[in-house]
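We will go stop by stop.

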Amino acid sequence: PVCSMGNSTSRLYSALAKTLSSGTVSQHQDCLEQPDSAQLDPIDPKDLLEECQMVLQKRPPRFQRSFVNLRKNAAGNHRPIRVMQWNILAQALGEGKDNFVQCPMEALKWEERKCLILEEILAYKPDILCLQEVDHYFDTFEPLLSRLGYQCTFFPKPWSPCLDVEQNNGPDGCALFFVKERFQLVNSANIRLTAMKLKTNQVAIAQTLKCNETGRLFCIAVTHLKARTGWERFRSAQGCDLLQNLKSITQGAKIPLIVCGDFNAEPTEEVYREFSNSSLNLNSAYKLLSPDGQSEPPYTTWKIRPSGECRHTLDYIWYSQHALNVNSALGLLTEEQIGPNRLPSFNYPSDHLSLVCDFSFNQDPDRLL
């Protein structure tokens with residue numbers, strides 16, 4: 001069966017959005033190994049953006065956000081690497097479990113919400129895209145983004161809460177996409193995080209890439225740590241395990257590192273301090289937007305649930321500050337833009353804001369790999 005995009009009858013999307021009947025990853029996997037020839041044809045991002053806008057024409061326009069330049073005298077030795085971090089909100093959780101009491105169910109319809117997500121990705125054109133809560137990887141993101149020139153990797157949670165929701169689309173997990181024209185994949189690791197020596201339900205993907213333009217290696221990782229109050233020590237243990245894995249992969253920080261994730265942890269939590277004080281010499285890119293360069297944004301997620309309003313800073317882009325520079329970062333939505341009903345909404349598809357940074361390699365010759 002073919003899944004159309006809202007009212008659009010475009011052949012472009014019809015060729016792409018084949019709804020898979022099974023929710024199990026093992027059966028989805030066959031689809032990856034034997035792609036339809038239609039999925040191999042490249043598509044023009046402008047065409048896809050027009051598709052999305054056609055579906056969204058009854059919704060309010062997308063919010064405008066501006067990049068903040070963080071390096072006044074950036075040397076243009078190579079094209080910056082744009083990295084996007086985003087918890088896109090699993091469809092099964094948005095409709096079935098998360099109880100966004102001020103968000104109309106109509107705003108959560110997948111046929112339109114996926115177009116809002118795609119519109120955001122197409123607007124910022126990331127070279128590397130790190131997503132959490134992806135439960136439509138095989139029928140939406142992999143077929144679309146592969147045809148836009150991305151190499152795609154997905155690692156589902158072993159016991160995804162999405163599977164408890166009726167008519168789910170399979171497990172949610174982390175997904176990592178990079179532009180094949182710009183990078184070569186050197187090494188890829190799917191990591192199931194442990195805590196207190198026990199395997200947990202949280203995962204990470206870490207990939208070592210070679211930048212074609214500069215010949216430099218770097219590692220990009222995406223993760224999503226355990227949610228909820230009371231699990232702070234658990235998140236801390238997961239963070240320690242991820243750091244140990246990344247130390248091994250980066251040969252003790254010899255290879256520059258970028259870590260994107262929904263850490264489900266405020267900056268006051270221990271897991272945040274572990275990343276700040278790690279021997280990998282990491283800094284949080286979005287701190288650089290603050291006047292003193294030392295404070296995280298006031299929020300990266302803002303929603304209203306039955307228990308009340310939740311406004312937290314949980315999402316981060318960490319980077320090797322000795323080897324990488326942050327050239328610019330995308331400003332966050334203001335309270336006025338978000339509006340009194342908070343997120344998600346008819347304007348914005350997730351309860352988390354996307355974070356986008358432009359990175360360049362530090363040119364210190366002693367640091368060259």
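Helices (H or I, at least four residues) and strands (E, at least two) are DSSP runs, numbered from the N terminus.

A word on the model before moving on. It is predicted, so local features need pLDDT of at least 70 and side-chain atom pairs count only at pLDDT 80 or more, while totals for chains, interfaces and linings use all residues. Residues are numbered from 1 along each chain as its sequence is written, and side-chain values use heavy atoms, with hydrogens and water left out.

**Helix α5**

Select 110-124, which is α5. The helix has 15 residues and reaches 21 Å from its first C-alpha to its last, close to the 21 Å expected at 1.5 Å a residue. The expected span is 1.5 Å times one less than the number of residues. Of the 15 residues of α5, 13 are buried, so the helix is largely enclosed by the rest of the structure. Buried means under 20% relative accessible area, exposed over 50%, and partly exposed in between (1.4 Å probe, protein chains only).

**The second largest pocket**

What is the volume of the second largest pocket? It is about 430 Å³. Among its 16 lining residues, the closest to the centre are P45, K125, P126, L148 and Y150. Both α3 (45-55) and α5 give two or more residues to this lining.

A pocket is found on a 1 Å grid over the protein atoms alone: it is an open set of points where a 1.4 Å probe fits, with protein on both sides within 12 Å along at least five of seven lines, and lining residues have an atom within 4 Å of a point. Grid points are joined across faces, edges and corners, and a volume is the space filled by probe spheres set on the points.

**E142**

Now pick E142, in helix α6 (residues 137-147). Is E142 buried or exposed? E142 is buried, with a relative accessible area of 13%.

**Helix α7**

Jump to 232-249, helix α7. Its 18 residues should span 26 Å at 1.5 Å a residue, and the end C-alpha atoms are 26 Å apart, which agrees. Colour its buried residues, including R235, D241 and L246. The buried residues of α7 pack against β6 (183-195), β7, β8 (217-224), β9 (257-262), α8 (270-276) and β10 (282-284). Contact means heavy atoms within 4.5 Å. After α7 comes Q251, with a positive phi near 55 degrees.

**The largest pocket**

Show the largest pocket, with a volume of about 950 Å³. Of its 36 lining residues, K226, A227, R228, N264 and R305 are the closest to the centre. Helix α7 supplies at least two residues of the lining, and so does each of β7 (198-211), β11 (301-305) and β12 (308-312).

Most residues other than glycine have a negative phi, and most peptide bonds are trans.

- Click N264, in the loop between β9 and α8. Its phi is positive, near 50 degrees. N264 counts as buried, at 14% relative accessibility.
- Click M196, in the loop between β6 and β7. Its phi is near 55 degrees. M196 counts as partly exposed, at 48% relative accessibility.
- Click P344, in the loop between α9 (335-338) and β15 (355-361). A cis peptide bond joins L343 to P344, with omega about -10 degrees.

**Zoom out**

Finish with the whole chain: nine helices and 15 strands. Buried residues make up 56% of its 369 residues.
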